[in-house]
Amino acid sequence: MEQTAAKPSDKTIITVLGKDTVGIIAKVCTYLSEQRINVLDISQTIVQGFFHMMMIVEMNESQVSFSTCSKDLAEIGKTIGVDIKCQKEEIFEKMHRI
């Protein structure tokens, strides 16, 4: 049997921040679903009218690249009035170890 090298994580951290409006989660999740990006975990809060969501997603089934996904989500964010950022999991973890 041939062993394959361990594939780097395809997990991405997505954060959404902005004024709360109807449909934020729907817009983001619709895009992710269309791109075959699986949501592994999601947390969202609303504090005094401000919306914050953090998602952990897995991109290994998607045909879209990380950079394309990041640009697309940023554009979606602009259209709905929120800031959407994507970070690869390994970079996110290294940044938060310091």
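Accessible areas come from the Shrake-Rupley method with a 1.4 Å probe, and for residues only the protein chains shown count as cover. By this method, the accessible surface of the protein comes to about 6800 Å², and 54% of that surface belongs to carbon and sulfur atoms. The structure is a predicted model, in which local features need pLDDT of at least 70 and side-chain atom pairs count only at pLDDT 80 or more, while totals for chains, interfaces and linings use all residues. Residues are numbered from 1 along each chain as its sequence is written, and side-chain values use heavy atoms, with hydrogens and water left out.

**Confidence**

- The predictor's confidence in each residue is given as pLDDT, from 0 to 100; the mean for the protein is 88, and 83% of the residues reach 70 or more.
- Where pLDDT is low, the predicted coordinates should not be read in detail.

**Overall architecture**

- The protein has three helices and four strands, which are DSSP runs numbered from the N terminus (helices: H or I, at least four residues; strands: E, at least two).
- From the N terminus on, the order of the elements is β-α-β-β-α-β-α.
- Among contacts with a separation of 6 or more, 69% join residues 24 or more positions apart.
- Of the 98 residues, 28% count as buried, a term for a relative accessible area under 20%, with exposed meaning over 50% and partly exposed in between (1.4 Å probe, protein chains only).

**Salt bridges**

- A salt bridge is a side-chain nitrogen of Lys or Arg within 4 Å of a carboxyl oxygen of Asp or Glu; the count by this rule is three.
- R36 and E61 form a salt bridge with an N to O distance of 3.6 Å. This pair links distant parts of the chain, 25 residues apart: R36 lies in the loop between helix 1 (24-34) and strand 2 (38-47), and E61 in the loop between strand 3 (50-58) and helix 2 (66-80). R36 counts as exposed because its relative accessibility is 54%, whereas E61 is partly exposed at 47%.
- K78 pairs with E75, their closest N and O atoms being 3.5 Å apart. Both residues lie in helix 2, three residues apart, about one turn of the helix. K78 is exposed at 61% relative accessibility, and E75 is partly exposed at 44%.
- D83 and K85 form a salt bridge in which the closest N and O atoms are 3.5 Å apart. D83 is partly exposed, with 39% relative accessibility, and K85 is partly exposed, with 48%.

Notes:
Contact means heavy atoms within 4.5 Å.
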